[in-house]
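Me: Hi! I've got a new structure open and would like to talk it through. Here it is:

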Amino acid sequence: TLATLNASGNFFGGFGRDGKFIRAAEGVESIADALPVSALTSLALAENRLGPEGARALMPGLARSSLTSLDLSRNGIGTAGAAELAAGLAVNNSLLKLDVRLNKLGPEGAEALAPGVAASGSLTALDARFNGVREGDEGEAALKEAAKGRVGFRLRVCEV
């Protein structure tokens with residue numbers, strides 16, 4: 001039984017004929033479709049250029065998965081992708097660790113992610129460093145508030 005899948009660095013996107021980068025969600029949709037019926041507990045999709053579209057494509061599967069660890073670092077999901085991820089977190093009951101480092105979230109993306117962190121009954125660790133969130137800004141405050149009162153919760157936000 002496959003419990004861990006590292007599909008990092010597969011670059012699910014590509015370049016179109018006009019030379020512009022196209023983010024392809026099809027590969028991620030296939031993974032998302034398999035999550036509810038798989039025994040996967042750890043999934044690494046780092047450095048796949050998922051963008052917000054990829055985050056959106058992954059969320060239906062995340063909501064019904066048994067994943068305990070998800071690495072979405074270096075995917076450029078931005079604020080829109082963070083909002084999609086928050087929706088998936090709100091209904092997932094198994095995820096313990098989430099890595100969203102280097103995703104161009106900014107304070108707005110951190111704020112968009114915070115409601116999902118707050119609603120998740122299982123999440124115990126969030127690494128959201130290197131997203132342009134600074135100590136004392138609204139994004140850091142929102143994530144700290146979302147994790148407030150959760151004993152043993154490991155929150156890493158700022159670039160220190």
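Predicted model: local features only at pLDDT ≥ 70, side-chain atom pairs only at ≥ 80, totals over all residues.

Me: Thanks. What about the secondary structure of the chain, how many helices and strands?
Reply: There are five helices and eight strands. Starting at the N terminus, the order is β-β-β-α-β-α-β-α-β-α-β-α-β. The radius of gyration is 15 Å, close to the 15 Å from the globule rule for 160 residues, so the chain is as compact as a globular protein of that length.

Me: And which percentage of the residues is buried?
Reply: Buried residues are 47% of the 160 in the chain.

Me: Switching topic: where is Ser122 found?
Reply: Ser122 sits in the loop between α4 (106–119) and β7 (125–127).

Me: Is Ser122 buried or exposed?
Reply: Buried: the relative accessible area of Ser122 is 11%, and the cut-off for buried is under 20%.

Me: Which residues does Ser122 touch, leaving out those up to four places away in sequence?
Reply: Those are Asn92, Asn93, Ser94, Leu95, Leu96 and Arg150. Asn93 is 29 residues away along the chain, yet its C-alpha atom and that of Ser122 are separated by 5.7 Å.

Me: What does the side chain of Ser122 reach at 2.7 Å?
Reply: That would be the backbone oxygen of Leu95.

Me: Last one, how many positive and negative side chains are there?
Reply: The chain has 17 positive and 18 negative ones, and the centres of the two sets are 4 Å apart.

Terms used. Residues numbered from 1 in each chain as written. Heavy atoms only, no water. Helix = DSSP H or I, 4+ residues; strand = E, 2+ residues; numbered from the N terminus. Rg over C-alpha atoms; globule rule 2.2 N^0.38 Å. Buried < 20%, exposed > 50% of the residue type's maximum accessible area, 1.4 Å probe, protein only. Lys, Arg positive; Asp, Glu negative; His and termini not counted. Charge placed at Lys NZ, Arg CZ, Asp CG, Glu CD. Contact = heavy atoms within 4.5 Å. Polar contact = N/O pair within 3.5 Å; in protein donor to acceptor, adjacent residues only side chain to side chain.
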